[in-house]
Each structure stands twice: as structure tokens, then as C-alpha cells.
Amino acid sequence: MNEVSKFRHTYNWLPESVVDLFIEVGELTRFTGRFFKELFRPPFEFNEFLYQSYIVGAKSLGLIGLTGFILGLVMTLQSRPVLIEFGAEAWLPGMVSVSIVTEIGPVITALICAGKIASQFGAVLGSMRVTEQIDAMEVSGVNPINYLVVTRVLATTLMVPLLVLYADAIALAGSYMAVNIHGNISATLFIFDVFDVLHFSDFLPAVVKTVFFGFMIGIIGCYKGYFAGYGTEGVGKAANTAVVSASLAVFLIDLIAVQVTHIIY
Amino acid sequence: MDYVIEIENLKKTFEDKEILKGINLHLPREENLAVCGKSGIGKTVLIKCMVGLMQPDSGKINVLGKDMMNPSLKDLEFIRRKIGFVFQGSALYDSMSVRENLSFTLKRSTFSGSKTAIAERVEEVLESVGLVDAIDKMPAELSGGMKKRVGLARTLIKSPEIILYDEPTTGLDPATSMEINEMILDVRKSNKVTSVIITHDMNCVRMTSDRMLIIHDGLIYTEGTFEQLKSSDDPWISSFFNKKEE
């Protein structure tokens, strides 16, 4: 009887879905442990890391940029009437920038990445598992965790924060455009208003949490694909659960980050 | 006798189903052993246990002097340098060309050659399986037989001492099956390897094996040469042969 079966047997009085959740979290933790173990073990697959960074980063620029631009534009247009009602229209650039940089930008970008990247990792690694390519790699003496997982997780950990910064910048450009639809404000004044309100203490936690977003998106996508079930259904399920779990992880990390930030500041 | 694989009382269970109930097997160096049995009986599980892709529940597996029940990382790396595995579906890396499929392993192995030496070795091995023209093709562009041959080439590139073949001729036409069988014999002759061949194909058994065994109900039901088992009076063994030869 393996560890999972023993666990199931011991806690059979709990609802099955609860036991499944504990097992899933346990297995993910173990997988994360393997990631850290292999992270510092040569060979370092630098070329594969660069390729994955390109796939995660450069290939997402269009989608993230468009989403960010629309986000900034819409937020500004929707906030404006309320601020006018309170006679606080001048606060519009500052308010929008704080919302975007501290919360909306990181979370929306991370959710897009969860949908685009975690599902891709789940599907690619899942199909490699189903067609025994991961087994073939293992048997040939190449460490699949090192080659497939470490490179991908490092790529998302590095690229998601950069994508968030990019999305923030584009969203502020969208906001600037929205402000100028109804009013007339120079770019210099807009930037001054933005950075007058935005402090380093807003910026730093937002960037730090995106590193965790990126890590979790990568590790969950890889975990789901690496342990995909058999057949096409297994691959589909891996891609699907990768998105759902990664999105949920983004919200959980965000919740924790907000609490920690409040404690620190 | 010099055994390269020694298995004693090997057991493996999935969920609540006991697949292997106590397998005993001793494989001398340079012997070709065919393992037969009905689908789902645990033949692939057996060879996956030999190479550490699956962990048995109990028993003893010794491969090239290394204990595979709880192998250290060092032992596992040693074994995987010495054992080749030809997968049923070939398991070629579908995002890489044939050349990359072969050089991928070599670049990350103990092979201490330059880029030119790796390229030469790749061409040499592909030539031995008659596929040097397909060197820049992607796996999706290859036929089933070509994929099997590339899979074999990928195994041969690291000069293994043992090769485990999982259904090497399944899904191939008789002519291509014949080519693969001849290739298995050539590999043994030229590389002096020991082989375990999982198959349902009795022609493959007849052509390639020195000894065959049949697994039934998680145990080795019988073993002997192809001719010995073919002439057996046991109705189950006979029906197995007749059925497979049809």
C-alpha cells in the first residue's frame, strides 16, 4: 500500500473531496520540493530557459498589452463620473494608477497568464506524459524535472513580474487617453499626478507578489501536466485543472499579500 | 553464470489489483528473452520496474549488480546509462527533429565529444538503422516503422548493455516487422547486448529470442525455447500459440 492509499485509508471518515484536496496539496508540495532540489543541480538548461522565457514573455506581449490598455481606458472612463460628482476629477490619474499598480494590473495579468501559460504547460507536459516522452527522457538519463519543469517555472517566475510592469505601463497609457477624451491634460502633468500619489510602498509589494504569482502559475501548470492521466481526456483535464488551480492560487496569494503588506506598513 | 538481470518474487499492485504476484527471472548476458502474455497482464510493468520507471511493492530486482528496489540516484544514473528502452509508441520527442532526438541524449550524457563528434555519432547510428536521409525530418513526418527505427537508434546512441523492447513490431506491416526483427538480431550481433522483448508477435519471438516466457495471472506460467513451448501439450499454451499465429 503506497502513502496515498494509506492516507485515504486512515482518513476515510472525511468526505472524499476533502481527502482529495489534502492529497493534491501534499503532492504539489512534494513536487515543489523536487523543483528546488533540481534547481541547483547541474546541468543548467540555459538555452531551454531562454526559449521558455521567450514563449512566456514575448509571445504574451500582444494579449497582455491589449488587455492592459483596455483596462486602463475603461477604469478611467467608469471612475470619472463618480469623481466629478464629488468634485475630485483631478484625482483621477492618481486613483486609477494606484488601483492598477497595486491590485488590478497584477491580478488581471496573472489571471491571463494562468489561462494562457498554465494551460499550455499542462497540455504540453500532459501530452508528453501520455506519449511516454517523459519516461523516454528519464530512461535516457536526462532529468525531466531539470529540463522540463525547472526551465518553465523559472521562466514564469521571471517573466510574469515583467509582464505585469508592462501591463501597468500600457494601462496607464490607456488611462491617459481616456482622461483626454473628455478633458485636456498634458502627458507631463498626468505622469506627475500618477507619481504624486503612487509611493514605493505601493509599488514594491505589488511587484513582490507577482514573483509568487509567476512561480505558482509555472509550478501548478507543470505539476498538472507532469502527472496527467492517460489518454486525450487526461491531457484535457490537465490543461483545464491547471488553469483553475493556478487562478485560485493567484487569488489566495493576493489575499495573503494584502494581509502581509498591511502588517508591514 | 553471469546474470545481468535477477528478479526474485517481484510483486506490484495498482490500487487494489495485484498485477505481478511473484515474478522470478534470471537473464544471462547476451541472451534475448521474449516475454509474452495477454494484454494488461503486466509485461510492460515488469520492464518498467527493471529500469526504475515504476517501483515494485516487494521482491528483489538486481540489474547489472545494482539493487533497483530502492536505488540511489547514483545507481539510477548508472543503470540508465547502461539500459536502453524502445517504447511501444516510439516516444520520440515530437518538438525535435530526428537529429535533435538523437543528439539530445548524447549532449547530456557522459559522452565527451565535441559538437562535430556528436554529429558524426548521430549520423553513424542513423546509418546503422538505414535512416540517415530522415535526419532533419520531424517525428510527425515519419511512418510507424521509421519511428520505431529512430526510437531504436536513440537507444543505440548511448551504447547500452541491455535493451528493453516494448512491443517492437506492434502495429507494423509484416515486411516492416521483419525488418525490425532483423534489426534486433543485428544489434545483438554488433553491440553484444542483452535484450528483453515484450511482444505478442510470435514471428518476432521465433526470430529474435533465445528463450521465451509466458506470464499468466501475475506469475510466470511457463518458459523455454520457442520450439519447446510451441510443441507443448498444455491446451492454454497451445491456444496461445495458435491464436497468436493466426
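## Reading strands, helices and a contact in a predicted model

Trainee: How many bridges join strand 4 of chain B to strand 5 of chain B, and in which sense do the two run?

Mentor: Strand 4 of chain B, residues 58-63, is joined to strand 5 of chain B by 2 bridges, and the two strands run antiparallel. They belong to an open sheet of 4 strands in chain B, with the order 2-1-4-5 and antiparallel pairing. Its edge strands are strand 2 (17-28) and strand 5 (66-67) of chain B, each of which pairs on one side only.

Trainee: How should I read the faces of a strand, and which residues of strand 8 of chain B lie on each side?

Mentor: The general idea is that in a regular strand the side chains alternate between the two faces of the sheet. In strand 8 of chain B, B:T194, B:V196 and B:I198 lie on one side and B:S195 and B:I197 on the other, and all of these are buried, leaving both faces covered. Since 5 of the 5 residues of this strand, 194-198, are buried, strand 8 of chain B is largely enclosed by the rest of the structure.

Trainee: Which strands pair with strand 8 of chain B?

Mentor: Strand 3 of chain B (residues 32-37) pairs with strand 8 of chain B in the parallel sense over 4 bridges, with B:S195 as the bridge partner of B:N32. Strand 7 of chain B (residues 162-166) also runs parallel to strand 8 of chain B and is joined to it by 5 bridges, and here B:L164 stands opposite B:V196.

Trainee: How is the packing of two helices described?

Mentor: Two packed helices are described by the angle between their axes and the distance between the axes. In chain A, helix 5 (residues 92-130) and helix 9 (residues 200-226) pack at an angle of about 15°, with their axes 7 Å apart. An angle under 35 degrees counts as roughly parallel, and helix 5 and helix 9 of chain A are therefore roughly parallel to each other. Their crossing is right-handed, and the residues of their contact divide into 19 nonpolar, 7 polar and 4 charged.

Trainee: Is A:A239 buried or exposed?

Mentor: A:A239, found in helix 10 (residues 231-264) of chain A, is buried, because 23 other C-beta atoms lie within 10 Å and the cut-off is 20 or more. Leaving aside residues up to four places away in sequence, A:A239 touches A:S119, A:G122, A:A123 and A:G126.

Definitions and conventions
Residues numbered from 1 in each chain as written. Chains lettered and ligands numbered in written order. Predicted model: local features only at pLDDT ≥ 70, side-chain atom pairs only at ≥ 80, totals over all residues. Axes fitted to C-alpha atoms, helices over the stretch in contact; angles between N-to-C directions. Parallel < 35°, antiparallel > 145°, perpendicular 65-115°, else oblique. Left-handed = near helix turned anticlockwise from the far one by under 90°. Nonpolar A, V, L, I, M, F, W, Y, C, P; charged D, E, K, R; others polar. Buried ≥ 20, exposed ≤ 12 C-beta atoms within 10 Å, placed from the backbone. Contact = placed C-beta atoms within 7 Å. Pairing = 2+ DSSP bridges.
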